[in-house]
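Here is a short report for someone meeting this structure for the first time. Please look over the chains before reading on.

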Amino acid sequence: MTATLLVFFILATLSIIGAVSLILQKHPIHSALSLIVVMVALAGLYLLMGAEFVAAVQIIVYGGAIMVLFVFVIMLLNAGLEEHTNESKLAGFPGILLALALMGFVAATVARSTTSASAVGGTVPGALSSTKQLSTLIFTNFVYPFELTSFLILIAILGAIVLAHRENS
Amino acid sequence: MVPTSYYVLLSAILFGLGVLAFIFKRNIISIFMSIELMLNAVNLAFVAFSQANDKLDGQIFVLFVIIVAAAEAAVGLGIIILIARNRQSLNVERVDLLKL
């Protein structure tokens, strides 16, 4: 077992533990902290694959901005423990079946399609200069979608302001 | 060197856990967080395939997904604040106005 594989298994276990903990925790703030663990582990996996810009964006935007927003809203609304009602019991059985079927389907597809699996590692040639290539690609081939996302962000900001605005009446 | 299928399998497991959390959680904020978990799982698959094919397009899609997730979080949390203000509760079973 090489060192890369070892790091992969450590990070993968960490992310799965975080995801299971997200399901099991009863308090939303604990779920949010578990989700941060998943995101940091995924950022480590991106680094392992040589996608260092995506890893940095993952930490800054996901682990930083979005999760701070979540924690802020949890604090603002003073969210307490989840209450369980009997109506939700019915969703359990089809829910587990659905998730298992989904995982099995994806696993089968992967097993069938990647028999000639090419290996992914941090030793991709030119991996450390991928940020430069990424920015070149964004501002040449993907420049219109990139500009459109700025409109999307603007509209989202306006929508959030309109939604959260309290009228003094 | 880690085979691509390992990354895709991890991505599938995380997505399945996200679906489970989406179904089992009753708190509207936790449900929203499980959506973020599913988005993260898809991002992992994108980066893995991008590296496997030695093309950077997948990583650019990941950046777009992150941008859309940020916009979604801003608007979605605004809606959650409105719901909590109107219903005095964060339980999704209290929000059943459209149910027959």
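The report below goes from the overall layout to the interface, the paired helices and a few single residues.

This is a predicted model, in which local features need pLDDT of at least 70, side-chain atom pairs count only at pLDDT 80 or more, and totals for chains, interfaces and linings use all residues. Residues are numbered from 1 along each chain as its sequence is written, and chains are lettered from A and ligands numbered from 1 in the order in which they are written.

## Chain A in outline

Chain A has 6 helices and 1 strand. Helices (H or I, at least four residues) and strands (E, at least two) are DSSP runs, numbered from the N terminus. In order from that terminus, the elements read α-α-α-α-β-α-α. Of the 169 residues in chain A, 24% are buried. Buried means that 20 or more other C-beta atoms lie within 10 Å of the residue's own; exposed means 12 or fewer, and partly exposed lies in between, with C-beta atoms placed from the backbone. Among contacts in chain A with a separation of 6 or more, 58% join residues 24 or more positions apart. Two residues are in contact if their C-beta atoms, placed from the backbone, lie within 7 Å.

## The interface

How many residues of chain B are in contact with chain A? There are 59, and they meet 74 residues of chain A. On the chain B side, strand 1 (2-3), helix 1 (4-24), helix 2 (28-52) and helix 3 (57-87) each supply at least two residues. Helix 3 of chain B gives the largest share, 21 residues. By class, this side of chain B holds 45 nonpolar, 11 polar and 3 charged residues. Here Ala, Val, Leu, Ile, Met, Phe, Trp, Tyr, Cys and Pro count as nonpolar, Asp, Glu, Lys and Arg as charged, and the others, Gly among them, as polar.

Two pairings between the chains are set out here.

| Helix pair | Angle | Axis separation |
|---|---|---|
| Helix 3 of chain A, helix 3 of chain B | about 5 degrees | 11 Å |
| Helix 1 of chain A, helix 1 of chain B | about 10 degrees | 9 Å |

Axes are lines fitted to C-alpha atoms, for helices over the stretch in contact, and angles run from 0 to 180 degrees between N-to-C directions. Angles under 35 degrees count as roughly parallel, over 145 as roughly antiparallel, 65 to 115 as roughly perpendicular and the rest as oblique.

Helix 3 of chain A and helix 3 of chain B pack at about 5 degrees, so they are roughly parallel. The residues of this contact include Val54(A), Tyr62(A) and Leu77(A) on one side and Gln59(B), Leu63(B) and Ala84(B) on the other.

Phe8(A), Ser15(A) and Ile23(A) are among the residues of the contact, as are Tyr6(B), Leu14(B) and Phe24(B).

Helix 3 of chain A kinks by about 30 degrees, centred on Met67(A). The bend at a residue is the angle between axes fitted to the seven residues ending there and the seven starting there. Buried residues of helix 3 of chain A include Gln58(A), Tyr62(A) and Phe70(A). The buried set packs against helix 2 (28-48) of chain A, together with helix 2 and helix 3 of chain B. Just after helix 3 of chain A, Asn78(A) has a positive phi of about 55 degrees.

In helix 3 of chain B, Gln59(B), Ile66(B) and Gly76(B) are among the buried residues. The buried residues of helix 3 of chain B pack against helix 3 (52-77), helix 5 (130-138) and helix 6 (143-164) of chain A, together with helix 2 of chain B.

## Single residues in chain B

Ser50(B) lies in helix 2 of chain B. Is Ser50(B) buried or exposed? Ser50(B) is buried, because 23 other C-beta atoms lie within 10 Å. Not counting residues up to four places away in sequence, Ser50(B) touches Lys55(B), Leu56(B), Asp57(B), Gly58(B) and Gln59(B).

Most residues other than glycine have a negative phi. Asp54(B), not a glycine, has a positive phi of about 60 degrees. Asp54(B) sits in the loop between helix 2 and helix 3 of chain B. Asp54(B) counts as exposed, because it has 11 C-beta neighbours inside 10 Å. Gln88(B), also not a glycine, has a positive phi of about 60 degrees. Gln88(B) is in the segment after helix 3 of chain B. With 8 C-beta neighbours inside 10 Å, Gln88(B) is exposed.
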